[in-house]
Amino acid sequence: DRKITVGDVEMPIVILGDPAYPLMPWLMKPYTGALDTEKELFNYRLSKCRMVVECAFGRLKRRWRSLLTRSDLSQTNIPIVIAACCVLHNLCESKGETFMAGWEVEANHLAADYAQPDTRAIRRSQRDALRIQEALKASFQSEQGNQ
């Protein structure tokens, strides 16, 4: 429920996605098509952040394949489970446990089976998501966003 204000736009904490995902108020994705320098900078900064997260979750999903499937946990418990996976993963790494050879192949195969979201819900959220994306883009151009 935490929100921040960027410019004059109040926004929630967002998930970072790649161009294949729909733009939603809670899911930021890069601009596509013809890009000016502001949009290129937005895409660069979004990608830089997203790659760190993707690498971390990739390692977690390869080790804890239960993270690849739909979870029947309540939304309150999901962050606790992910945090527990992070702690257990770090313990495994510190003890020198390596990944088994087939884990990455299996993880990629399972990830391909996910259903896509309802397009009606996507269309309803486009306007709010565009405002948030534009506010973030403007923030990235500022001195504070340059860090």
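Helices, each of at least four residues, are DSSP runs and are numbered from the N terminus, and the close-up views below use these numbers for a model that is predicted.

View 1. Asn 43 belongs to helix 1, which covers residues 37-63. With a relative accessibility of 14%, Asn 43 counts as buried, because buried means under 20% relative accessible area. When residues up to four places away in sequence are not counted, Asn 43 touches Pro 30, Tyr 31 and Leu 35.

**View 2. Cys 85 and Cys 86, without a disulfide.** A disulfide is a covalent bond between the sulfur atoms of two cysteines. A search of the whole structure finds zero disulfides, and for Cys 85 the nearest cysteine sulfur, that of Cys 86, is 7.1 Å away. Cys 85 counts as buried, at 8% relative accessibility, whereas Cys 86 counts as partly exposed, at 29%.

**View 3. The second largest pocket and its lining.** This pocket holds about 270 Å³ of space. It is lined by 15 residues, of which Ile 4, Val 6, Val 14, Leu 136 and Phe 140 are the closest to its centre. At least two lining residues come from each of strand 1 (3-6), strand 2 (9-12), helix 1 and helix 4 (119-141), and helix 1 gives the most, with four residues. By class, the lining of the second largest pocket has 13 nonpolar residues, one polar residue and one charged residue.

Terms used. Residues are numbered from 1 along each chain as its sequence is written. This is a predicted model: local features need pLDDT of at least 70, side-chain atom pairs count only at pLDDT 80 or more; totals for chains, interfaces and linings use all residues. Side-chain values use heavy atoms; hydrogens and water are left out. A disulfide is a pair of cysteine sulfur atoms within 2.5 Å. Buried means under 20% relative accessible area, exposed over 50%, partly exposed in between (1.4 Å probe, protein chains only). Contact means heavy atoms within 4.5 Å. On a 1 Å grid over the protein atoms alone, a cavity is a set of points where a 1.4 Å probe fits but cannot get out, and a pocket is an open set with protein on both sides within 12 Å along at least five of seven lines; lining residues have an atom within 4 Å of a point. Grid points are joined across faces, edges and corners, and a volume is the space filled by probe spheres set on the points. Ala, Val, Leu, Ile, Met, Phe, Trp, Tyr, Cys and Pro count as nonpolar, Asp, Glu, Lys and Arg as charged, and the others, Gly among them, as polar.
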